[in-house]
Amino acid sequence: MEGNLMTIFAFLLLLCLCNRGNAQHCSLSDLTVTQPAVPSRVDGSTKYTVTVENRCICTQVNIKLSCSGFTSFLGFNPDVLSVDGDGKLCTLNGGRPIGMGPDYAVKFSYTWRSEFSFKPVSSTIACS
């Protein structure tokens, strides 16, 4: 019985150390932003469909993107992208977690005369 407990304890310790190691390998560069353009009929503008994907094995939360001066001719969902008070940063997905892979990617669209840069500037890594 004591041997089984030691084996279980060793396994749990190893699992914790491995998960901790994964978090150290995650960074903002694991958040990829793509935004293909499609011509629009609104004021000669262009429609952009933005996809933010997390390619880290760990979940990322409280993701902030640079979005200085962001605006759109057509409305966008504030639950998916909200402009923070100073107008320089945006919160993605209401700060909620984004898992790994395309199935968990967050998407939103906007229409404007030119493309905005949505560069990830901060996030919190959450490995379980």
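This is a predicted model: local features need pLDDT of at least 70, side-chain atom pairs count only at pLDDT 80 or more; totals for chains, interfaces and linings use all residues.
Is Tyr110 buried or exposed? Tyr110 is buried, with a relative accessible area of 1%.

1. Tyr110 and Phe70. These two residues form an edge-to-face aromatic pair, 5.3 Å centre to centre, with 80° between the planes. The pair links distant parts of the chain. Phe70 sits in the loop between S4 and S5, and Tyr110 in strand S7 (residues 106-112), 40 residues apart. Phe70 is buried too, because its relative accessible area of 9% falls under the 20% cut-off.

2. Tyr110 and Phe118. The ring centres of Tyr110 and Phe118 are 5.6 Å apart and the planes stand at 70°, so this pair is edge-to-face. Phe118 is buried, as is Tyr110.

3. The whole structure holds ten aromatic pairs. One aromatic cluster is formed by Tyr48, Phe70, Phe73, Phe76, Phe108, Tyr110, Trp112, Phe116 and Phe118. Trp112, a member of that cluster, also has a charged neighbour: Arg113 lies over the face of its ring, 5.7 Å from the ring centre.

4. Disulfide count and pattern. The model has three disulfides. Counting bonded cysteines along the chain, the pattern is 1-2, 3-6, 4-5.

5. Cys26 and Cys56. The sulfur atoms of this disulfide are 1.7 Å apart. The bond links distant parts of the chain, 30 residues apart. Cys26 is in the loop between helix H1 (2-24) and strand S1 (31-34). Cys56 is in the loop between strand S3 (46-54) and strand S4 (59-66). Both cysteines are buried.

6. Cys58 and Cys127. Here the sulfur atoms of the disulfide are 1.5 Å apart. Cys58 lies in the loop between S3 and S4, and Cys127 in the segment after strand S8 (120-126), so the pair ties together parts that are 69 residues apart in sequence. Cys58 is buried, at a relative accessible area of 3%, whereas Cys127 is partly exposed, at 30%.

7. Cys67 and Cys90. This disulfide has its sulfur atoms 2.0 Å apart. The link is right-handed, with 95° about the S-S bond. Cys67 lies in the loop between S4 and strand S5 (81-83) and Cys90 in strand S6 (residues 89-92), so the pair ties together parts that are 23 residues apart in sequence. Cys67 and Cys90 are both buried.

Key: Residues are numbered from 1 along each chain as its sequence is written. Side-chain values use heavy atoms; hydrogens and water are left out. A disulfide is a pair of cysteine sulfur atoms within 2.5 Å. Helices (H or I, at least four residues) and strands (E, at least two) are DSSP runs, numbered from the N terminus. Buried means under 20% relative accessible area, exposed over 50%, partly exposed in between (1.4 Å probe, protein chains only). Rings of Phe, Tyr and Trp (its six-membered ring) pair if their centres lie within 6.5 Å; planes under 30 degrees apart count as stacked, over 60 as edge-to-face and the rest as tilted. A charge sits over a ring if NZ of Lys or CZ of Arg is within 6 Å of the ring centre and within 35 degrees of the ring normal.
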